[in-house]
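Please keep the sequence and the structure in view while reading.

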Amino acid sequence: MINDVVIAGAGPNGLMLACELSLAGVRPIVLERLPEPGTERRANGLVGQVVSMLDRRGLYERLSGDTEPPLPVPRFVFGALPLELAGLEDNPLFTLLVPQARVTQVLTDRAVELGVEIRRGHELTGLSQDDEAVAVTVTGPRGAYRLPARHLVGADGGHSLTRKLSGIAFPGVTKDDTVSRTADARLPAEWLDQATGALHVPGYGVLPPFAHHRNERGVFVFATPPGRPPLVSTMEWDPAGDGDGPMTLDEMRASVRRVLGVDVPLTPPDGDGPHLLRRRAGGSTRLAERYRDRRVHLVGDAAHVHAAIGGPGLNLGLQDAINLGWKLAAEIRGDAPPGLLDTYESERRPAARRVVMHTQAQSALIAPGGDVTALRELFAELLGDRHTAGRIAALMAGSDVRYDMGTAATHPLAGRYAPDLVLRTGAGTVRLADLTVTARPLLIDLTEDGLPAGAAPEGVEVVTGRAEDAPATALLLRPDSYVAWASSSPRPDTAELDGLRAAAGRWSSPGTTLSGSTCR
């Protein structure tokens, strides 16, 4: 028997893809070399449009514990410079402070609910492919075996064996001129302002939380995540050697002293842990030459690695998975229009290139030197402009990405991520996020008299209603919540309805009906 899809890697990106495939009626097998979920602390939260996208899959409440929809943040940072967003009319930047391990657990639970088979302790060790299938060699607890599949997806990280075995080049640069250190640590209670969360460091000054503090010696960051110990981090460009052994709290104290020029008492945090003590030297910026080799595909860090500044990693990788999932499912079902699967790379690789660009720019802005200090002064003035701040926020959120929807889709919303809407329908008031949990294509009909009978493409669910201040009167949404077609006419004419049908045909074959299930 040939399996539909094998996914190498049970991190957030691989699990997200597994969920998306399952919603579209395809049952993948996920391979993970680790016998149990890893306990290493990695990302500390989610930043960007992916927070809204997780809400549209019914996962935001599980991750946040909050029954209210996500709200954009009033401020953030770019290149260790403050980014004030409270005055923006349409602030696109969302954050969610949740450890990556929690994201992995929630996605694991969701995948299991959807019937995904996750094989822990099973590692991809080889592959070969022809025009019909991929033969995956797997090493598991009982030895090696072969697993045939119609498609293989590498979600196995920056050192992806899937990518290497497929011969996909990974050009870029690796630098070793910095050392970053991060630790969970208890800070003196009398130094912490209970009202603002700021840290008052005698001999240095007031340091707001969740902000980067750059000087000529390095960068210092501290944060106070809810329900977790304070997090302290430094980056140095000319660090003292501390060897290759495990990092210690003494090493963290010494690094803070070098960066700030004063002693900051750090003591072990309360609780059993595990508590973070991490040192990382250098970093890489690389982008896969292509995202596909015939029946092998790449998502997440397997396709791109970059600096962590600004926290864009999971925003980029999870949206890769959401973009690929419905397209790969259509290909497997046999109802994908010609070239649909190719649009995964044509849409997502440019998005990765923008993340590479802005993380490199931010890294340059925190570097030492008087010329960089002058550049920071100028950039701080530019960020004070509301329009500029909005563009930077959209860049960091990933909401500035616009996909090519073809010549039939001419509305300004076409190719954009669908805005949040609250719809009044015959069945009651619903949020758009409530309608997208099943990952089905949707036609939102807000026209005065309703679209004429037969206007809706086959297999597309139609939701009719009213919405205040809606930016369009009708929207055709792909399963990933991107607008494939839109109209602002109270009564769309024949030409517009022809455009609707043409747009639908670009993304699904006639008669397509996507399967889906709801679970919140």
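Q: How many helices and strands does the protein have?
A: This is a predicted model, in which local features need pLDDT of at least 70, side-chain atom pairs count only at pLDDT 80 or more, and totals for chains, interfaces and linings use all residues. Residues are numbered from 1 along each chain as its sequence is written, and side-chain values use heavy atoms, with hydrogens and water left out. Helices (H or I, at least four residues) and strands (E, at least two) are DSSP runs, numbered from the N terminus. On this basis the protein has 12 helices and 26 strands.

Q: What is the radius of gyration of the protein, and what does the globule rule give for 520 residues?
A: The radius is taken over C-alpha atoms, and the globule rule is 2.2 Å times the number of residues to the power 0.38. The protein is as compact as a globular protein of its length, because its radius of gyration is close to the value from the rule. The two values are 24 Å for the protein and 24 Å from the rule.

Q: What percentage of the 520 residues is buried?
A: Buried means under 20% relative accessible area, exposed over 50%, and partly exposed in between (1.4 Å probe, protein chains only). By this criterion, the buried share of the 520 residues is 53%.

Q: What share of the contacts with a separation of 6 or more joins residues 24 or more positions apart?
A: A contact means heavy atoms within 4.5 Å. Among the contacts with a separation of 6 or more, residues 24 or more positions apart account for 68%.

Q: Is aspartate 55 buried or exposed?
A: Aspartate 55 is found in helix H2, residues 49-55. Leaving aside neighbours within four places in sequence, it is in contact with Tyr60, Pro70, Arg431 and Ala433. Its relative accessibility is 6%, so aspartate 55 counts as buried.

Q: How far apart in space are alanine 288 and alanine 169, C-alpha to C-alpha?
A: Alanine 288 lies in the loop between strand E17 (277-287) and strand E18 (292-293), and it counts as buried because its relative accessibility is 0%. Beyond neighbours within four places in sequence, its contacts include Ala169, Phe170 and Arg349. Alanine 288 and alanine 169 are 119 residues apart in sequence, while their distance in space is 5.9 Å.

Q: Which residues is glycine 261 in contact with, leaving aside its neighbours within four places in sequence?
A: Glycine 261 is placed in the loop between helix H6 (249-260) and E17. Threonine 196 is 65 residues from glycine 261 in sequence and 24 Å from it in space, C-alpha to C-alpha. The contacts of glycine 261 are with Arg217 and Val256.

Q: What is the phi of arginine 294?
A: Arginine 294 lies in the loop between E18 and strand E19 (296-298). At 46% relative accessibility, arginine 294 counts as partly exposed. Its phi is positive in a residue other than glycine, near 55°.

Q: What is the relative accessible area of alanine 439?
A: Alanine 439 is found in the loop between helix H11 (432-435) and strand E23 (442-445). Although alanine 439 is not a glycine, it has a positive phi of about 60°. Alanine 439 is buried, with a relative accessible area of 9%.
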